[in-house]
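Q: Could we go through this structure together? I would like to begin with a term and then move on to the details.

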Amino acid sequence: MTLFKVFFFCFSGVSLLKVVLAEEPPQVSVSVWPKGLNIYLDESVLLRCSMESNSSSVWTHRWFRHRPDSAPTLNPRHLVSGDSYSITAVTREDGGSYQCQAERREGNISSVVILSQPVVLRVLDVAPASLTVTPSSRQMFRGERFSVHCPGSHSNSSWTLRRLSPGQTERSRAFHTDRCSPLGGAVSTDRPHTCVFTAGRETGGLYWCEGAEGRSNAVSISVSYGSVILRTPASPVFEGSAASLLCQYRTGSYGKTIFFKDGVKVNKSTSSISNTEIKMMIDNVTKEDEGFYKCSSDDRRVESPESWLSVTPGRGNGTSTDGREASTGSWIWILVSCILLLLLTPLSVWLIRHYRYQTFCTRSCWPSSKKRRPAVQLPATKQDVTEVQWDLSWMEMSDLLDKHLYPGT
């Protein structure tokens, strides 16, 4: 709708009415990258406050979650920068409504405030396909070569690699291609679904693949022009496994290297791989190890940007769509236990019967034609009285047992 501004002027007692045609307010909307309202666990997502306006005025932006009167809660995984709202390593709590507000002030008298329509994001468990980055890192040095691999398709359709670089607008649609050349990379000769890039200002950003089966997870790659980076795995680490964090200097280390998690120093042993690489291992990773890590020299002269370490439940565990965990590993153990029980029960019965057979089967297990053993002539030595009495008692007990087991003998 067209707006009008009305001004009244008073000159020599005569009132003049002046009507000025004002520009139509721009339309504000929220765009989601990768495209769509379904986002996946542990991936990176970017929201943009998009505006269609030909005005050269400066606009400021605000973001809201769940309702317009509530600002986003402080969360280290959520980063607001002007018209951009990025989420690192999506969790279930990141689902919900998002809105942006654009505001333009005209001096101190009036302002224009426009609120976008909300977009509602839904968090799903696992993406249809997985994108891999080599080396597996969220940070790259400028000039470093890295590759992005789209998964092989189960059908005859091919995957398309897409990228959204920092500062790129929605109108710029040159960020996707079936080949790697327009993306600034080259097709790998031995892996046709792999693109090789040289890290630079234009090759950083959000990467994902699209195909007939849907899209893959999205991975954010940042390019550093500094002296040190921290390489954390680009893909989530499974609970119970080991994670390797590599602090890499561009030219050489600056003495002792220390690691931090969420701003707090980590007291774990480190090992030196080379003059430029210091590694810290986390054995038996748990959910508590998830967070932002960085490394620096002991004197804090050089410090890497923060890099996120994502931890996901073990390979045997899955999560249903309604949020309840369905432990596949537990069912496997139950099945194994039932099989062992079925196998061990007959064996236990056999062992018990065999033991009773060996214990109670005396003379009845032999042929019925029992013959008495011939008497053996004892040596003509004088026995002790106690020995004779013990032998007689044992013989009497034996005769009684024979009469009980073999009546009529």
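A: A definition comes first: a residue is called buried when its relative accessible area is under 20%, exposed when it is over 50%, and partly exposed in between. Please note also that this is a predicted model.

Q: With that cut-off, is K294 buried or exposed, and why?
A: K294 counts as buried, because its relative accessibility is 14%.

Q: Which side chain does K294 meet in a salt bridge?
A: Its partner is E303, at 3.2 Å from N to O. E303 is partly exposed, since its relative accessible area is 35%. R300 also belongs here: K294, R300 and E303 are linked in a network of salt bridges.

Q: How many salt bridges does a search of the whole structure find?
A: The search finds 10 salt bridges. One of them joins R92 to D125, with the closest N and O atoms 2.1 Å apart. R92 lies in the loop between β8 and β9, and D125 in the loop between β11 and β12 (132-134), so this pair ties together parts that are 33 residues apart in sequence.

Q: And how accessible are R92 and D125?
A: R92 counts as partly exposed because its relative accessibility is 30%. D125 counts as partly exposed too, at 22%.

Q: What about E144: which residue forms a salt bridge with it?
A: That residue is R231, and the closest N and O atoms are 2.7 Å apart. Both E144 and R231 are buried.

Q: Where do those two lie?
A: E144 is in the loop between β13 (139-141) and β14 (145-149), whereas R231 is in strand β22, so the pair ties together parts that are 87 residues apart in sequence.

Q: Since β22 has come up, in what order do the strands of its sheet run?
A: The order is β22-β24-β28-β27, four strands in an open sheet with antiparallel pairing. β22 (228-231) and β27 (270-272) stand at the edges with a single partner strand each, so one side of each has no neighbour in the sheet. On average, neighbouring strands are turned by 20° against each other, direction ignored.

Q: How many bridges join β24 to β28?
A: Six bridges join β24 (residues 243-249) to β28 (residues 277-282). Within β28, E277 stands opposite Q248.

Q: Changing topic: which residues have the most contacts inside the largest nonpolar core?
A: They are L47, W63 and Y98, in a core of 19 residues. The strands β3 (27-33), β5 (45-52), β8 (84-87), β9 (96-106) and β11 (119-124) each supply at least two of its residues. Another core, of 18 residues, lies apart from it and includes L230, A243, F259 and L309.

Q: What is the bridge partner of L47 in β8?
A: It is Y85. β5 and β8 run antiparallel and are joined by four bridges. β8 is also joined by four bridges to β7 (residues 78-81), again antiparallel.

Q: What is noted about G82 in the hairpin of β7 and β8?
A: G82 takes a positive phi near 65°, and the hairpin has two residues between its strands.

Q: Finally, which residues form a nonpolar patch on the surface?
A: The patch is formed by L344, L347, W350 and L351, with about 420 Å² of accessible area together. W350 is found in helix α1 (residues 328-360).

Note on methods:
Residues are numbered from 1 along each chain as its sequence is written. This is a predicted model: local features need pLDDT of at least 70, side-chain atom pairs count only at pLDDT 80 or more; totals for chains, interfaces and linings use all residues. Side-chain values use heavy atoms; hydrogens and water are left out. Patches are made of residues with over 30% relative accessible area and no salt bridge: like charges are joined within 9 Å, nonpolar side chains (Val, Leu, Ile, Met, Phe, Trp, Tyr) within 5 Å. Accessible areas come from the Shrake-Rupley method with a 1.4 Å probe; for residues, only the protein chains shown count as cover. A salt bridge is a side-chain nitrogen of Lys or Arg within 4 Å of a carboxyl oxygen of Asp or Glu. Two strands pair if DSSP finds at least two bridges between them. Axes are lines fitted to C-alpha atoms, for helices over the stretch in contact, and angles run from 0 to 180 degrees between N-to-C directions. A nonpolar core is a set of buried Ala, Val, Leu, Ile, Met, Phe, Trp, Tyr and Cys residues joined through side-chain atoms within 4.5 Å. Buried means under 20% relative accessible area, exposed over 50%, partly exposed in between (1.4 Å probe, protein chains only).
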